[in-house]
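Me: I would like to learn how to read a structure file like this one. Can we go through it feature by feature?

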Amino acid sequence: MAEVEVRDIRKSFGGGSAAVDGISLTCGNGEYLVLLGPSGCGKTTLLRMIAGLEHPTGGDILIGGRSVRGLPPRARKIAMVFQSYALYPHKKVEQNISFPLEAQGMSREERIEKVKWASGLLGIGHLLQRKPRQLSGGERQRVALARALVREPQVFLLDEPLSNLDAKLRASARLELKQFQQRVGISTIYVTHDQVEAMGLGDRIAVLNQGRLQQVGTPEEIYHRPANTFVATFVGSPPMNLVSRDGKLVGFRPENIELEKTAGSRDDAAVFHSRVLRIENLGADRYVYLRVQDDRGDTNIIAKLPIDHPLHVAAEDDADVIVRKRHLRMFDRDSGEETAA
Amino acid sequence: MSEPAARRTVIIDETVRVHHLLDREEVLGPLMLAPLLIYLVALVGLPLLFVFIYSFSDATTGSDTFNFVGLETFQKTIADPVFQVALRNTVVFTVIAQAVVIVLATILGFVLSANFRGKWFVRCLILLPWTTPVALSALAWLWMLDSLFSPFNWILGQVHLIDQGTPVAWLGQDSLAVASVVALQAWRTLPLAAVILMAGLTSIPPELNEQAEVDGAGFWRRFFDITMPLLAPIMMVAILFGIVATFTDMAAVYILTRGGPGDATQVLGSWSFYTGIQGGSLAQGAAIGIFMFPVLLGVCILMLRRASRTDAF
């Protein structure tokens, strides 16, 4: 177990713009930190630099308070799980799991003991004699985790380990991953582009875009107090609505909208006049697509309303969008950064 | 008037029908395969059949008598001491040349799959020996190994390893001639093996090596425990190609040493040629050639088994 800290780290690949452009970040002892961002945002490059598979062009990386710059991956006491799981196809599950131990030069008896322990923890004791190609996606993931766990690393690095699983398996694998990490209590850095995974797994989330850190915070902070319009629109589905008013961008979540035919003027809330474009029934919720008049013309927004709330409007109707003041977030129109109300 | 009109209709119908005939896979398929099949049967299948027939006969180039003599030709062939040398040479040359090739090709495979400036130039350079016809490259080697003009002798003389006045007769001494033939065989089969191994190396997912690196494995453990086992199937293919090329070849020996000095570098290919064509004993030449057959059959079986196996990572 150890703290991981990156200081103003940079990486550029031959010429072009930087893949990672000066990121400083700390993953605390035993913390589950999620790196979240769209593809190409630099999250995987950052993870690979922490692993030692890429050399940073600038900045420093500290694991357990010691700089690991220039150390090869094997000297960093980390374990990594790749998106593809990277199981050795020619080795049985047992040999896959014991490979890191062999590399350490551990005795055969000890190795057998460790493999038994790790495979028991992940419930794959019955698969030890199989080859990777005879395993299902979920089983492969568990083997990869067992191999990562077996040498008791200081840090776990996980690169989109759920993206190769089908949607049904993903939810249960997410639960398993979280329970597993809580049980072993090892600092974990987890890369994903899926905000649902990020919200569900992370103690804290670091949102990245274009090689830069946008915001670090708990899932609640990221969701309810996004630091800028990128975070506001990247996290949440549907994303936060942004409407231009009084020279600022006003942001509010789809589920914080109330719809009335006419609202009048309210002290405790902002009111936007709109027109209903379309109503979608999604079972538990309704999505109401609305067009709002704002400073810059028309803006489309989405309201998410529970199905058991009475809806007084229909498509093509005029409607007033009501958002309580505490749900409003203000952003600078030019920089996109959050500003005071 | 009505008659030509009717005939024209018929003609159009015919072309339309032929057109549709070509749309049918059971017609088009064999049609497109036909040239290859004809080529294989006429130039490979039939000669092979003749070799089998001749080897059980007493056929010669000088007369038109043809009698089946059973295994008599084979008995004569096996008893011939030159044949025994040729058989041993063929096996030894192939094994040594391919052993050298597989080590060098693996190294070259790594070099070729690495990323560096001028990669394309180096790749072309390495492929060159393979694109050159055997006869041509053997002639070039003949000059390189000539006792008077050999650049090897010149270099050895410059560094005073040999006396300028008494050059090494590369092709005139048994052991040196053998080494020269083996070197030529290794040199000319190396490029293909290197390219095959390069393809094999690039097909190994890079994250397997990265994973091993993170798992704590150093270079040699990664090489022997991860890369080599994953490369083994493709390495097998390279070796099989090399065996076929070396085992059946006669041009290298024919041009470089003519089987000499004495019969020290005689191989099955060359001895079969000397006996059957130049010596005129068609039957015995064929019988010598037959001895290549079991090895080639074995290679074929291994190749086909390999091709039908789908062993994706």
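Me: What stands opposite A:L36 in β8(A)?

Reply: Two strands pair if DSSP finds at least two bridges between them. Strands (E, at least two residues) and helices (H or I, at least four residues) are DSSP runs, numbered from the N terminus. Here, A:L36 stands opposite A:T192 in β8(A). Strand β3 of chain A and β8(A), residues 187-192, pair in the parallel sense over five bridges. β3(A) is also joined to strand β9 (residues 204-209) of chain A by four bridges, and these two run parallel. In β9(A), A:L36 stands opposite A:V207.

This is a predicted model: local features need pLDDT of at least 70, side-chain atom pairs count only at pLDDT 80 or more, and totals for chains, interfaces and linings use all residues. Residues are numbered from 1 along each chain as its sequence is written, while chains are lettered from A and ligands numbered from 1 in the order in which they are written.

Me: Why is β3(A) largely enclosed by the rest of the structure?

Reply: Count neighbours. A residue is buried if 20 or more other C-beta atoms lie within 10 Å of its own, exposed if 12 or fewer, and partly exposed in between; C-beta atoms are placed from the backbone. In β3(A), residues 32-36, five of the five residues are buried, so the strand is largely enclosed. Both faces are covered: A:Y32, A:V34 and A:L36 on one side, A:L33 and A:L35 on the other.

Me: Which residues have the most contacts inside the largest nonpolar core?

Reply: In soluble globular proteins, nonpolar side chains tend to be buried together. A nonpolar core is a set of buried Ala, Val, Leu, Ile, Met, Phe, Trp, Tyr and Cys residues joined through C-beta atoms within 7 Å. The largest one has 91 residues, and A:L35, A:I50, A:L157 and A:I189 have the most contacts inside it. Helix α4 (residues 137-149) of chain A gives this core its largest share, six residues. Another core, of 46 residues, lies apart from it and includes B:F83 and B:L184.

Me: How many residues of chain A are in contact with chain B?

Reply: Two residues are in contact if their C-beta atoms, placed from the backbone, lie within 7 Å. By that test, 17 residues of chain A touch 15 of chain B. On chain A's side, β6 (78-81) and α2 (93-104) each supply at least two residues. α2(A) gives the most, with four.
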